[in-house]
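The sequence and the structure are shown below.

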Amino acid sequence: AASSARCSTPPGGRACPGSSRNPRLVHSNPVMRGAALIGEQLADGPLRRSFMANKKVLVVDDSPTIRQQVSMCLTSGGYDVVEAQDGVEALTRTAGVSMCICDVNMPRMNGVEFVEKMGGGAMPIVMLTTEGRPELIERAKKAGAKGWMVKPFKPEHLLSVVKKLVG
């Protein structure tokens, strides 16, 4: 069996020389391990570096209780959290955010409208909702949502999804 290369690049440091040529590269720094997985999937450039360095998640839900539960789950997993109570407020809070977890049913601008306004490619967006109508799921998917989770959520499942998307 081939052995994996090791890298001790500090968080926020330069990418390992040759990491794009060596898909078996394993960072010895646990903070960088997830970033290396994301880095292998994105071309080298500002987008890659921003995903590797930033672990901020936008949580959008009109329920303060749900925002608090999701935020506590994410902060326990080492993520920074920014909160918004609806899609309108969320549009003003996207700077520096790596991904978004968004409810569907909210006042002023619902979650699917928010995904449509974001254009689908700006950041990964996962819908977290009580809704399960196939037409709504399809609309969100066409708009660019990367996932759909039904409330109530299991914290370990939510963290697993976030880790897959942003490291």
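How many helices and strands does the secondary structure of the protein chain come to? The chain has seven helices and seven strands. The model is a predicted one. Along the sequence, the elements follow the pattern β-β-α-α-β-α-β-α-β-α-β-α-β-α.

**Confidence and overall organisation**

The mean pLDDT of the protein chain is 75, with 67% of the residues at 70 or more. Over residues 1–53 the pLDDT stays under 50, and the model has 62 contacts beyond four places in sequence for this stretch. Of the 167 residues in the chain, 44% count as buried. Among contacts with a separation of 6 or more, 51% are between residues 24 or more positions apart.

**Strand pairing**

Strand β3 pairs with β4 as well as with β5.

| Strands | Sense | Bridges | Opposite residues |
|---|---|---|---|
| β3 and β4 | parallel | five bridges | leucine 58 and valine 82 |
| β3 and β5 | parallel | four bridges | valine 59 and isoleucine 101 |
| β6 and β7 | parallel | four bridges | methionine 127 and tryptophan 148 |

Strand β3 is largely enclosed by the rest of the structure, because four of its five residues are buried.

Strands β6 (residues 125–129) and β7 (residues 147–150) are paired over four bridges. Between them the chain passes through helix α6 (residues 134–143), and this β-α-β crossover is right-handed. A right-handed β-α-β unit is also made by β3, α3 and β4.

**Helix α3**

Helix α3 covers residues 64–76.

The buried residues of α3 are Ile66, Arg67, Val70, Ser71, Cys73 and Leu74. Seen down the axis of α3, they fall within an arc of 160°, so they line one face of the helix. An α-helix has 3.6 residues a turn, so residues three or four places apart point the same way. The face of α3 turned away from the buried side carries Pro64, Met72 and Ser76, which are exposed.

Packing against the buried residues of α3 are the strands β3 (56–60), β4 (80–84), β5 (99–102) and β6, together with helix α7 (155–166). Glycine 78 follows α3 and has a positive phi, near 90°.

**Helix α5**

Which residues of helix α5 (residues 111–118) are buried? They are Gly111, Val112, Phe114, Val115 and Met118. Viewed down the axis of α5, these buried residues fall within an arc of 155°, so they line one face of the helix. The elements covering them include strands β3, β5 and β6, along with helices α4 (87–91) and α6.

**Elements in common**

Strands β3, β5 and β6 pack against the buried residues of α3, and these strands are also among the elements that cover the buried residues of α5.

Conventions: Residues are numbered from 1 along each chain as its sequence is written. This is a predicted model: local features need pLDDT of at least 70, side-chain atom pairs count only at pLDDT 80 or more; totals for chains, interfaces and linings use all residues. Side-chain values use heavy atoms; hydrogens and water are left out. Two strands pair if DSSP finds at least two bridges between them. Helices (H or I, at least four residues) and strands (E, at least two) are DSSP runs, numbered from the N terminus. A crossover is right-handed if, with the strands pointing away from the viewer, the path from the first strand over the helix to the second runs clockwise. The expected span of a helix is 1.5 Å times one less than its number of residues. Buried means under 20% relative accessible area, exposed over 50%, partly exposed in between (1.4 Å probe, protein chains only). The arc is that of the directions from the helix axis to the C-beta atoms. Contact means heavy atoms within 4.5 Å. pLDDT is the predictor's confidence in each residue, from 0 to 100.
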